[in-house]
Amino acid sequence: MTRFAFTINAGNHFRDWSRCVNALARISDKILIEARSNQIKLCSCNSSRSVFSFMEFQDEFFDKYTFKATATTTSKPSATGFQAINKVPQNVAIEVQTRFFASIFRRHEKDPTVDKCEVYLDNSIAECRLVVVLRCKSGAIKTYRLSYESARAYRVLHSIDDYPNSFTIKAHILHQYVEHTSGRAEAFSMKFAPDEVILTSFTEIVRKSSFEVLKQPLQTAIHVNSLDFDELLTNEDDEVVFSLKEFRTLVTLADNLEAVIKGSFSEATMPIIFEFDIEFLKCVFLLFTGE
């Protein structure tokens, strides 16, 4: 039985799908796919559990979407025992290896011969597979059958409503500043002053002994006028520090989608939440922060 299936015709939506998949691939070696009655949700979490991201594709994003859910029956006590109330459809959650899944779309994202992409979960035989079919304009068909593991869907306990500080900025503006950061920098800081926001990328010195230095410190600071932001709801001297690698990934993706990024945060060691969306697609990144 095919549990879920969707089709994406060549064009902007296929390109956006590919870019989202490959952004998640930079976070973890596994991608969780959760199929629901009205959406496909892709999730990725790094090994240290300090970065989490998910992408929600509404069924309208796809040119065709079908979902067949199994159902569990809930019940309540009655005079004669337990009485069935209703059947609740179960979502489908699986994990696939990133290097196989993402490479398919990376390889064909700009392939002009691809006409449409079909993805479906086939568990009609003993050896179940996630199947990706690329149909070309010439009539050629490329089929990939990927193994997967059943998984438990992630549940996000943090909400932007829990964070009093926020800002919004067009992704292409922020991307211009992030491009100036060094490829060797590891952390990124945003400090909010009265009339500007100071963006700092840095790495700290690492010593093997008092005489031997394994890593030289590095720091680059950029002063951004507050007017570059669409909205700033922060306190003076608020500062938040997080991983630059994943931040660069999300900013690049948001710029490619021509989106506006919203960031929400509270205090140090609590996650900063970045989110952006376009029609029928929402992207969320949670980056845990440090002192």
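User: What makes strand E13 and E19 a pair?

Analyst: This is a predicted model. In it, 3 bridges join strand E13 (residues 165-170) to E19. Two strands pair if there are at least two bridges between them, so E13 and E19 count as paired. The two strands run antiparallel, and Phe 167 of the chain stands opposite Leu 232 in E19.

User: Why are strand E12 and strand E19 called edge strands?

Analyst: The open sheet holds 10 strands in the order E12-E8-E2-E3-E4-E23-E22-E21-E13-E19, with antiparallel pairing. Strand E12 (149-150) and strand E19 (231-233) each pair on one side only.

User: Why is the pair of Phe 192 and Phe 265 called stacked?

Analyst: A pair of aromatic rings is described by the distance of the centres and the angle of the planes. For Phe 192 and Phe 265 the centres are 5.5 Å apart, which is within 6.5 Å, and the planes stand at 15 degrees, which is under 30, so the pair is stacked. Phe 192 lies in strand E14 (residues 187-192) and Phe 265 in strand E21, 73 residues apart.

User: How do you know whether Phe 192 and Phe 265 are buried or exposed?

Analyst: Buried means under 20% relative accessible area. Phe 192 has 1%, so Phe 192 is buried. Phe 265 has 2%, and therefore Phe 265 is buried as well.

User: What makes Lys 41 a charge over the ring of Phe 54?

Analyst: Lys 41 lies over the face of Phe 54, at 4.4 Å from the ring centre, and the distance cut-off is within 6 Å.

Methods
Residues numbered from 1 in each chain as written. Predicted model: local features only at pLDDT ≥ 70, side-chain atom pairs only at ≥ 80, totals over all residues. Heavy atoms only, no water. Helix = DSSP H or I, 4+ residues; strand = E, 2+ residues; numbered from the N terminus. Phe/Tyr/Trp six-rings, centres within 6.5 Å; stacked < 30°, edge-to-face > 60°. Buried < 20%, exposed > 50% of the residue type's maximum accessible area, 1.4 Å probe, protein only. Lys NZ or Arg CZ within 6 Å of the ring centre and 35° of its normal.
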